[in-house]
Amino acid sequence: FRYGDLVGRFDDLVSRARQLPGKEAFLQPRTLEELKEIAALGPVVAIHVDKARCDALILQHGRDDVLHVPLPQLTLQSAERMRNYIRRSLAMSGARAVRPSVQRNLSSMGPSLSTLWTRVVEPVFSALGLTKNKFPLLPRITWCASGPLALLPFHAAGIYDGNRKCKAFVYAVHSYTPSLSALLAAYRQSMTPVPAEQTIFTASQPATPGQAPLPGTVVEVEKVGTWKWKTGS
(Lines give C-alpha, C1' and ligand atoms only; values in the text may rest on other atoms or scores of the structure.)
Protein backbone atom coordinates (compact mmCIF):
# COMPACT_ATOMS: atom_id res chain seq x y z
CA PHE A 1 0.00 0.00 0.00
CA ARG A 2 1.06 3.53 -0.51
CA TYR A 3 1.44 5.84 2.49
CA GLY A 4 -1.77 7.68 1.61
CA ASP A 5 -3.74 4.43 1.60
CA LEU A 6 -2.43 3.51 5.04
CA VAL A 7 -3.30 6.93 6.42
CA GLY A 8 -6.81 6.60 5.01
CA ARG A 9 -7.28 3.19 6.58
CA PHE A 10 -5.99 4.45 9.92
CA ASP A 11 -8.36 7.44 9.90
CA ASP A 12 -11.26 5.15 9.04
CA LEU A 13 -10.47 2.77 11.90
CA VAL A 14 -10.16 5.66 14.37
CA SER A 15 -13.48 7.07 13.17
CA ARG A 16 -15.17 3.69 13.63
CA ALA A 17 -13.63 3.30 17.09
CA ARG A 18 -15.04 6.67 18.18
CA GLN A 19 -18.52 5.47 17.31
CA LEU A 20 -18.33 2.83 20.05
CA PRO A 21 -20.04 3.69 23.38
CA GLY A 22 -17.58 5.36 25.73
CA LYS A 23 -14.90 5.75 23.05
CA GLU A 24 -16.00 9.09 21.63
CA ALA A 25 -12.70 10.71 22.68
CA PHE A 26 -10.48 7.87 21.43
CA LEU A 27 -7.04 9.30 20.45
CA GLN A 28 -8.37 12.81 20.92
CA PRO A 29 -6.09 15.34 22.67
CA ARG A 30 -7.00 16.13 26.26
CA THR A 31 -9.00 19.29 26.80
CA LEU A 32 -7.80 22.05 29.11
CA GLU A 33 -10.70 21.32 31.45
CA GLU A 34 -9.49 17.73 31.80
CA LEU A 35 -5.86 18.68 32.28
CA LYS A 36 -6.70 21.17 35.02
CA GLU A 37 -7.59 18.21 37.25
CA ILE A 38 -3.93 17.27 37.63
CA ALA A 39 -3.10 20.62 39.23
CA ALA A 40 -5.07 19.68 42.33
CA LEU A 41 -1.89 18.55 44.11
CA GLY A 42 0.29 21.42 42.92
CA PRO A 43 1.52 23.26 39.82
CA VAL A 44 2.33 21.18 36.76
CA VAL A 45 5.05 22.63 34.52
CA ALA A 46 5.44 21.55 30.90
CA ILE A 47 8.73 22.66 29.36
CA HIS A 48 8.80 23.11 25.59
CA VAL A 49 12.20 23.16 23.89
CA ASP A 50 12.58 24.09 20.24
CA LYS A 51 15.21 25.70 18.03
CA ALA A 52 12.88 28.66 17.55
CA ARG A 53 12.17 29.35 21.25
CA CYS A 54 11.69 27.73 24.66
CA ASP A 55 8.79 28.22 27.06
CA ALA A 56 7.19 26.86 30.21
CA LEU A 57 3.43 26.28 30.38
CA ILE A 58 2.06 25.97 33.90
CA LEU A 59 -1.25 24.49 35.09
CA GLN A 60 -2.35 25.76 38.51
CA HIS A 61 -5.22 24.81 40.77
CA GLY A 62 -7.96 27.42 40.74
CA ARG A 63 -6.65 29.13 37.62
CA ASP A 64 -8.71 28.85 34.43
CA ASP A 65 -5.97 29.68 31.95
CA VAL A 66 -2.44 28.41 31.40
CA LEU A 67 0.39 30.50 32.82
CA HIS A 68 2.95 31.14 30.09
CA VAL A 69 6.54 31.73 31.17
CA PRO A 70 9.02 32.56 28.36
CA LEU A 71 12.51 31.10 28.83
CA PRO A 72 14.65 33.43 26.71
CA GLN A 73 17.95 32.25 28.19
CA LEU A 74 17.25 28.63 27.29
CA THR A 75 18.05 27.38 23.80
CA LEU A 76 17.93 23.97 22.18
CA GLN A 77 21.73 23.98 22.01
CA SER A 78 22.16 24.83 25.70
CA ALA A 79 19.62 22.15 26.65
CA GLU A 80 21.56 19.58 24.65
CA ARG A 81 24.83 20.68 26.26
CA MET A 82 23.34 20.25 29.75
CA ARG A 83 22.06 16.79 28.90
CA ASN A 84 25.37 15.67 27.40
CA TYR A 85 27.42 17.11 30.25
CA ILE A 86 25.31 15.42 32.93
CA ARG A 87 25.44 12.12 31.04
CA ARG A 88 29.22 12.31 30.85
CA SER A 89 29.49 13.21 34.52
CA LEU A 90 27.35 10.23 35.54
CA ALA A 91 29.33 7.89 33.31
CA MET A 92 32.67 9.15 34.62
CA SER A 93 31.52 8.93 38.24
CA GLY A 94 31.08 5.18 37.91
CA ALA A 95 27.35 5.34 38.69
CA ARG A 96 25.97 1.83 38.18
CA ALA A 97 29.34 0.88 36.69
CA VAL A 98 31.21 -2.34 37.36
CA ARG A 99 34.59 -0.58 37.68
CA PRO A 100 34.36 2.40 40.06
CA SER A 101 38.00 3.32 39.33
CA VAL A 102 36.77 5.79 36.72
CA GLN A 103 35.71 8.03 39.60
CA ARG A 104 39.08 9.73 39.44
CA ASN A 105 37.88 11.34 36.21
CA LEU A 106 34.68 12.67 37.77
CA SER A 107 33.59 16.02 36.39
CA SER A 108 31.37 18.14 38.57
CA MET A 109 27.78 18.61 37.44
CA GLY A 110 27.75 22.00 39.14
CA PRO A 111 27.88 24.14 35.96
CA SER A 112 24.99 22.23 34.35
CA LEU A 113 22.87 22.33 37.51
CA SER A 114 23.57 26.05 37.78
CA THR A 115 22.52 26.59 34.16
CA LEU A 116 19.38 24.53 34.70
CA TRP A 117 18.56 26.71 37.70
CA THR A 118 19.12 30.12 36.13
CA ARG A 119 17.58 29.36 32.73
CA VAL A 120 14.63 27.14 33.67
CA VAL A 121 13.86 26.55 37.34
CA GLU A 122 14.37 30.05 38.72
CA PRO A 123 12.12 31.75 36.10
CA VAL A 124 9.40 29.17 36.80
CA PHE A 125 9.68 29.60 40.56
CA SER A 126 9.61 33.37 40.15
CA ALA A 127 6.41 33.19 38.09
CA LEU A 128 4.82 30.95 40.72
CA GLY A 129 5.94 33.18 43.58
CA LEU A 130 7.79 30.37 45.32
CA THR A 131 10.13 31.50 48.10
CA LYS A 132 11.93 29.56 50.80
CA ASN A 133 9.91 30.80 53.75
CA LYS A 134 6.54 31.57 52.17
CA PHE A 135 4.83 28.25 52.92
CA PRO A 136 4.77 26.22 56.18
CA LEU A 137 4.91 23.08 54.04
CA LEU A 138 6.80 22.75 50.79
CA PRO A 139 4.47 22.83 47.79
CA ARG A 140 4.59 20.06 45.21
CA ILE A 141 5.62 20.83 41.66
CA THR A 142 5.47 18.33 38.80
CA TRP A 143 7.79 18.66 35.80
CA CYS A 144 6.90 17.47 32.32
CA ALA A 145 9.95 18.14 30.15
CA SER A 146 10.51 17.19 26.54
CA GLY A 147 13.47 16.75 24.24
CA PRO A 148 16.95 17.04 25.76
CA LEU A 149 15.51 18.19 29.11
CA ALA A 150 13.40 15.05 29.56
CA LEU A 151 15.85 13.26 31.88
CA LEU A 152 17.46 16.21 33.67
CA PRO A 153 17.24 16.47 37.49
CA PHE A 154 15.17 19.62 38.04
CA HIS A 155 15.01 18.86 41.77
CA ALA A 156 18.82 19.11 41.96
CA ALA A 157 19.08 22.34 39.97
CA GLY A 158 20.79 25.13 41.85
CA ILE A 159 23.90 27.10 42.62
CA TYR A 160 26.08 25.12 45.01
CA ASP A 161 29.09 27.41 45.40
CA GLY A 162 29.77 31.08 46.01
CA ASN A 163 27.72 33.45 48.13
CA ARG A 164 24.42 33.00 46.29
CA LYS A 165 23.53 29.40 47.04
CA CYS A 166 20.13 28.26 45.71
CA LYS A 167 18.78 24.74 45.57
CA ALA A 168 15.51 23.72 43.94
CA PHE A 169 14.69 21.12 46.59
CA VAL A 170 14.60 23.85 49.25
CA TYR A 171 11.65 25.50 47.49
CA ALA A 172 9.40 22.57 46.63
CA VAL A 173 8.85 18.82 46.53
CA HIS A 174 9.51 17.70 42.95
CA SER A 175 7.79 15.05 40.87
CA TYR A 176 8.08 14.07 37.22
CA THR A 177 5.73 12.80 34.53
CA PRO A 178 6.47 11.71 30.95
CA SER A 179 3.24 13.31 29.71
CA LEU A 180 0.24 15.23 31.02
CA SER A 181 -2.10 12.47 29.83
CA ALA A 182 -0.17 9.89 31.85
CA LEU A 183 -0.36 12.10 34.93
CA LEU A 184 -4.09 12.60 34.44
CA ALA A 185 -4.67 8.85 34.17
CA ALA A 186 -2.62 8.22 37.32
CA TYR A 187 -4.43 10.98 39.22
CA ARG A 188 -7.86 9.64 38.29
CA GLN A 189 -6.82 6.15 39.27
CA SER A 190 -5.61 7.42 42.64
CA MET A 191 -9.07 8.88 43.22
CA THR A 192 -10.68 5.46 42.72
CA PRO A 193 -11.33 3.58 45.98
CA VAL A 194 -8.97 0.65 46.47
CA PRO A 195 -10.67 -2.71 47.15
CA ALA A 196 -9.87 -4.06 50.60
CA GLU A 197 -8.69 -7.37 49.14
CA GLN A 198 -6.17 -5.74 46.80
CA THR A 199 -2.59 -6.93 47.30
CA ILE A 200 0.86 -5.63 46.36
CA PHE A 201 3.42 -7.45 44.24
CA THR A 202 7.05 -6.55 44.91
CA ALA A 203 10.25 -7.76 43.26
CA SER A 204 13.92 -6.98 43.63
CA GLN A 205 16.84 -7.35 41.25
CA PRO A 206 19.99 -7.00 43.33
CA ALA A 207 22.31 -8.24 40.59
CA THR A 208 22.07 -7.07 36.98
CA PRO A 209 24.59 -8.41 34.45
CA GLY A 210 27.14 -5.73 33.58
CA GLN A 211 25.99 -3.37 36.36
CA ALA A 212 26.97 -2.72 39.97
CA PRO A 213 25.07 -4.75 42.58
CA LEU A 214 22.12 -3.21 44.42
CA PRO A 215 21.84 -5.27 47.64
CA GLY A 216 19.56 -2.67 49.20
CA THR A 217 16.71 -3.75 46.97
CA VAL A 218 16.37 -7.01 48.93
CA VAL A 219 16.03 -5.11 52.20
CA GLU A 220 13.49 -2.76 50.64
CA VAL A 221 11.27 -5.65 49.55
CA GLU A 222 11.56 -7.23 53.00
CA LYS A 223 10.53 -3.93 54.61
CA VAL A 224 7.48 -3.69 52.36
CA GLY A 225 6.50 -7.21 53.32
CA THR A 226 6.92 -6.45 57.02
CA TRP A 227 4.86 -3.28 56.74
CA LYS A 228 2.11 -5.12 54.90
CA TRP A 229 2.02 -7.84 57.57
CA LYS A 230 1.87 -5.33 60.44
CA THR A 231 -0.95 -3.31 58.93
CA GLY A 232 -2.86 -6.42 57.92
CA SER A 233 -3.50 -4.97 54.48
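1. Surface and burial. The accessible surface of the protein chain is about 15,500 Å², and 58% of this belongs to carbon and sulfur atoms. Accessible areas come from the Shrake-Rupley method with a 1.4 Å probe; for residues, only the protein chains shown count as cover. The chain has 233 residues, of which 29% count as buried. Buried means under 20% relative accessible area, exposed means over 50%, and partly exposed lies in between (1.4 Å probe, protein chains only).

2. What the model is. This is a predicted model: local features need pLDDT of at least 70, side-chain atom pairs count only at pLDDT 80 or more, and totals for chains, interfaces and linings use all residues. Residues are numbered from 1 along each chain as its sequence is written, and side-chain values use heavy atoms, with hydrogens and water left out.

3. Overall fold. The protein chain has seven helices and seven strands. Helices (H or I, at least four residues) and strands (E, at least two) are DSSP runs, numbered from the N terminus. Along the sequence the pattern reads α-α-β-β-β-α-α-β-β-β-α-β-α-α. Take the contacts between residues at least 6 apart in sequence: 57% of them join residues at least 24 apart. Contact here means heavy atoms within 4.5 Å.

4. The sheet. Five strands form an open sheet in the order E3-E2-E1-E4-E7, with mixed pairing. Its edge strands are E3 and strand E7 (173-176), each of which pairs on one side only. Two strands pair if DSSP finds at least two bridges between them. Neighbouring strands of this sheet are turned by 25° against each other on average, direction ignored. Axes are lines fitted to C-alpha atoms, for helices over the stretch in contact, and angles run from 0 to 180 degrees between N-to-C directions.

5. The antiparallel side. E1 and E2 run antiparallel and are joined by six bridges. A hairpin of four residues connects E1 to E2. E2 and E3 also run antiparallel, with four bridges between them. In E2, Asp-55 is the bridge partner of His-48. In E3, the bridge partner of Asp-55 is Pro-70. Five of the six residues of E2 are buried, so E2 is largely enclosed by the rest of the structure.

6. E1 and strand E4 (residues 140-145) run parallel and are joined by four bridges. Val-45 stands opposite Trp-143 in E4. Helix H4 (residues 110-128) lies across E1, E2, E3, E4 and E7, and runs at about 135° to E4. When reading side chains off these strands, keep one rule in mind. In a regular strand the side chains alternate between the two faces of the sheet.

7. Salt bridges. How many salt bridges does a search of the whole structure find? The count is nine. A salt bridge is a side-chain nitrogen of Lys or Arg within 4 Å of a carboxyl oxygen of Asp or Glu. One of them joins Asp-5 and Arg-2, at 3.9 Å, N to O. Asp-5 is partly exposed, with 35% relative accessible area, whereas Arg-2 is exposed at 64%.

8. A network. Salt bridges link Arg-30, Glu-34, Glu-37 and Arg-188 in a network. Within it, the closest N and O atoms of Glu-34 and Arg-30 are 3.5 Å apart. Glu-34 is partly exposed at 22%. Arg-30 is partly exposed at 35%.

9. A bridge between distant parts. Asp-64 and Lys-36 form a salt bridge through their side chains (3.5 Å, N to O). The two are 28 residues apart: Asp-64 is in the loop between strand E2 (54-59) and strand E3 (67-70), and Lys-36 is in the loop between helix H2 (32-35) and strand E1 (44-49). Lys-36 is buried, at 17%.

10. Leu-27 is worth a look in the loop between helix H1 (3-17) and H2. Its phi is near 60°, a positive value in a residue other than glycine. Leu-27 is exposed, at 54% relative accessibility. Phe-10, Phe-26 and Leu-27 make a nonpolar surface patch of about 310 Å². Patches are made of residues with over 30% relative accessible area and no salt bridge; like charges are joined within 9 Å, nonpolar side chains (Val, Leu, Ile, Met, Phe, Trp, Tyr) within 5 Å. Phe-10 lies in helix H1 and is partly exposed, at 49%.
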